[in-house]
Amino acid sequence: MICDEPTPGPRQRKMGYVYEELCMWHSAGSLSFDDTTEPLPSWESPLSKSRINGLLEVTGMTKYLTRVRARKATRDELLRFHTAQYVDGVKCMSDTNGGDAGQMARFQKGGYEIALLSAGGILAAVEALMSEDADKIENAYCLVRPPGHHAERDLGRGFCIFNNVVIGALHARALHASRYSGPPLRIAIVDYDVHHGNGTEQAFWSDPDTLFISVHQDKNFPLDTGALHDTGHPELAPGSNINIPLPPGSGCGAYALAFDRVVIPALRRFKPDFIFVSSGFDASFVDELARMMLSSEAFAEISRKLLAVSDELCPGRLLFAHEGGYSKDYVPYCGLAVVEVLSGVRSAVVDPYLCEVNQWGYQDVQPHQEAVINAAAALAGLYPDSDTKSNNVNIAAAAIKLILSSVDEAQRKAILDEIQ
């Protein structure tokens, strides 16, 4: 395959790119749930990530990117979030034969060091973005592995061992505090991986200086997190957590509306100093672990929106950290589409799957999907028609109805008591 040379656009950007071959050597083990399940390779395969890098290479895109070399995160950097007992337990298993860090977060012997490199790739990108060098990078994509957003303080979950984005965000805040007096760095984290970022939500649940927004498939993984009504600690950080649990089958229209009606307005209101993005491509139309319908063009459009709001609010402080995405053939096109946006350089590649996914039915936003988005907007105080009182009441009523349908009897009674 020979590709024509990429074409720089009118606004070419100095994009940092983190990729280390050693991260692709991480082994997530095999899938075998019980005695009746023939072992299979894990969904968390290196191929869905390494093939992004391969496509960037053969298209000539890597010539337009600024390589940022990962380093290993230190134990102290991990301990900004994770407990010492958890970190030491992972290291102990890694020193012997490997193991499972919790719930389907398996790794081989030596996996601890690879997980340090994955987290350290985010740290290196943070340092490059916060450099005072006049020629520093403007944004970054960190193609790291293992992923991180499911990892909780003392528990690995869903292929994630250490929470890369949380560790990176806390590192950015520490760097800022070491240089400047005054208030802490305000951080926003947008997670469009199809699975809820439970670990990231846990990390910042009580932090009013961090806004976490997760756009995910409702009740996929984890089953017990990501609800609409989880909006942050009610006393310490109310409204600092926004969940948009979209129904299965949501397509490009639903995601576009979720970003236009909730994500972007929430970022503008919060006014962050730094935006992190948990970038998972498992909401694509062919992913094995979800039932959404996004195309590479949809991921490119999400990236354009995030890049534009970053330019507006915190120029030069936008970092994408790779999370999930399990279609080995389609993830590379999604990754390429995002890199093209962040770099301002267009490759000669045309996604060969677009002719199919763009013709799928129900790509436009559907009424039941819009109801969820409106409910999330109402809970966040972000109304589509802020000067229309009756519309606000209707949206709030829809939010309450959705919330009541998703909680148990005790929670339902508590909510109704509070409303009354």
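Two strands count as paired if DSSP finds at least two bridges between them, and helices (H or I, at least four residues) and strands (E, at least two) are DSSP runs numbered from the N terminus. The model is a predicted one, in which local features need pLDDT of at least 70 and side-chain atom pairs count only at pLDDT 80 or more, while totals for chains, interfaces and linings use all residues. Residues are numbered from 1 along each chain as its sequence is written, and side-chain values use heavy atoms, with hydrogens and water left out.

In E5, Thr-66 stands opposite Gly-16, and E5 pairs with E2 in the parallel sense over 2 bridges. On to E9: E2 pairs with this strand over 4 bridges, again in the parallel sense, and Tyr-17 has Tyr-141 as its bridge partner there. Taken as a whole, 8 strands make up an open sheet with parallel pairing, in the order E5-E2-E9-E15-E14-E11-E12-E13. Strand E5 (66-67) and strand E13 (241-246) sit at the edges with a single partner strand each, so one side of each has no neighbour in the sheet. Further along the order, strand E14 (residues 274-279) and strand E15 (residues 318-322) are joined in the parallel sense by 5 bridges, with Phe-276 partnered by Leu-319 in E15.

Side chains in a regular strand alternate between the two faces of the sheet. In E2, Met-15 and Tyr-17 point one way and Gly-16 and Val-18 the other, and all are buried (under 20% relative accessible area; exposed is over 50%, partly exposed in between, with a 1.4 Å probe and protein chains only).

Helices come next. Helix H7 (residues 252-270) lies across strand E11 (187-191), strand E12 (210-217) and E13, and runs at about 175° to E12; such angles run from 0 to 180 degrees between N-to-C directions, with axes fitted to C-alpha atoms, for helices over the stretch in contact. Helix H9 (residues 331-343) packs on the sheet too, touching strand E2 (15-18), strand E9 (139-142) and E15, where contact means heavy atoms within 4.5 Å.

A nonpolar core here is a set of buried Ala, Val, Leu, Ile, Met, Phe, Trp, Tyr and Cys residues joined through side-chain atoms within 4.5 Å. The largest one has 102 residues, and those with the most contacts inside it are Tyr-192, Ile-244, Leu-267, Phe-276, Leu-306 and Leu-319. H7 supplies the largest share of this core, 10 residues. A second, separate core has 16 residues, including Leu-78, Val-90, Tyr-112 and Ile-161.

Asn-164, in helix H5 (residues 164-179), counts as buried at 2% relative accessibility. Its side chain makes a polar contact with that of Ser-118 at 3.2 Å, a polar contact being a pair of N or O atoms within 3.5 Å; within protein, one must be able to donate a hydrogen and the other to accept it, and residues adjacent in sequence count only if both atoms are side-chain atoms. Pro-248, in the loop between E13 and H7, is partly exposed at 48% relative accessibility.
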